[in-house]
Amino acid sequence: MPTSNRPLSPFMLGPHYKPQLTSMLSILHRLTGAALAVGLLLLTWFLFAVLAGEHAFSIFRDFRESFIGQVMLFGWLFSFVYHFFNGLRHLAWDMVLGLSIKATYITGYIVVIFSVIATVWIWMHMGGK
Amino acid sequence: MQGNTKHWLVTRLTSLPLAVLFIYFITQGEYLTTRVRMEFISWLQKPFVTGAALIFVICAFWHGKLGMDEIIIDYVPSKKTQAFSLFLNKIIFLVLGVACLYAVYAISFSKV
């Protein structure tokens with residue numbers, strides 16, 4: 001097969017591989033990681049807005065409090081929470097803990113449930129501002 | 001230590017402070033989301049918070065750079081484009097990371 005036609009690795013999406021909890025959580029770890037990386041751009045904006053003065057800060061605050069800003073902030077929070085819990089799962093795997101198929105499913109469901117509950121709780125706790 | 005082993009290890013090492021600081025910053029939510037600029041500044045100027053913020057910035061940008069490396073290596077097949085993407089990735093995270101370190105430093109140690 002010519003190089004250009006080979007499936008990209010990892011080719012877990014598409015016709016080659018059946019979707020399952022483990023592979024979906026794996027790709028979600030990447031997606032949330034990428035989202036967090038993009039969020040660092042907004043962190044940079046925020047810090048420089050604080051540094052620049054009241055006017056720059058109010059522009060950032062208006063954006064944060066807008067609908068799109070709130071959606072992005074909620075998405076960033078969920079990404080952080082999920083990446084945190086699933087990251088702990090990765091660290092356990094690195095210590096050769098929980099590597100059986102049964103264990104990866106159990107911890108996978110735990111990560112999903114914890115992420116949803118923690119995201120909503122933190123959002124409400126922080127006042128969703 | 002080989003390059004890939006170091007990559008793997010640094011990803012883990014930077015994740016540990018991030019996990020701890022994530023929990024800490026959640027407890028500080030009222031300051032992080034404050035509508036009052038001076039309230040955020042006086043919070044950030046506390047020595048412990050300044051230190052936490054500096055460590056967070058270093059680890060977050062480093063960890064983010066390493067993670068994006070993985071994604072680029074997996075999904076950019078052409079060696080040439082891949083090498084350029086990795087270079088660009090390094091520059092972007094380095095510049096933004098250093099900029100954020102400066103911002104935290106400048107906010108914390110000035111009488112804004």
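Two residues are taken to be in contact if their C-beta atoms, placed from the backbone, lie within 7 Å. By this criterion, 27 residues of chain B are in contact with 29 residues of chain A in this predicted model. On chain B, the side that touches chain A draws at least two residues from each of α1 (3-27), α3 (37-44), α4 (47-75) and α5 (79-108). Among these helices, α4(B) gives the most, with eight residues. Sorted by class, the side of chain B that touches chain A consists of 18 nonpolar, five polar and four charged residues.

The account now turns to chain B as a whole. Its secondary structure comes to five helices and zero strands, and the order of elements from the N terminus on is α-α-α-α-α. The C-alpha trace of chain B spans about 50 × 25 × 25 Å along its principal axes. Chain B has a radius of gyration of 17 Å, whereas a compact globule of 112 residues would have one near 13 Å. Of the 112 residues of chain B, 19% count as buried. Among the contacts in chain B with a separation of 6 or more, 70% are accounted for by residues 24 or more positions apart.

The interior can be followed across both chains. In soluble globular proteins, nonpolar side chains tend to be buried together. Here the largest nonpolar core has 25 residues, and those with the most contacts inside it are A:Leu47, B:Phe56, B:Val57, B:Ala60, B:Phe61, B:Cys100 and B:Val104. At least two residues of this core come from each of α1 (21-52) and α3 (67-94) of chain A and from each of α4 and α5 of chain B.

A last point concerns the backbone of chain A. A:Val96 has its place in the loop between α3 and α4 (101-125) of chain A. Most residues other than glycine have a negative phi. The phi of A:Val96, however, is near 60°, a positive value in a residue other than glycine. Is A:Val96 buried or exposed? A residue is exposed if 12 or fewer other C-beta atoms lie within 10 Å of its own; because A:Val96 has 7 C-beta neighbours inside 10 Å, A:Val96 counts as exposed.

Key:
Residues numbered from 1 in each chain as written. Chains lettered and ligands numbered in written order. Predicted model: local features only at pLDDT ≥ 70, side-chain atom pairs only at ≥ 80, totals over all residues. Helix = DSSP H or I, 4+ residues; strand = E, 2+ residues; numbered from the N terminus. Nonpolar A, V, L, I, M, F, W, Y, C, P; charged D, E, K, R; others polar. Rg over C-alpha atoms; globule rule 2.2 N^0.38 Å. Buried ≥ 20, exposed ≤ 12 C-beta atoms within 10 Å, placed from the backbone. Core = buried A, V, L, I, M, F, W, Y, C linked by C-beta atoms within 7 Å.
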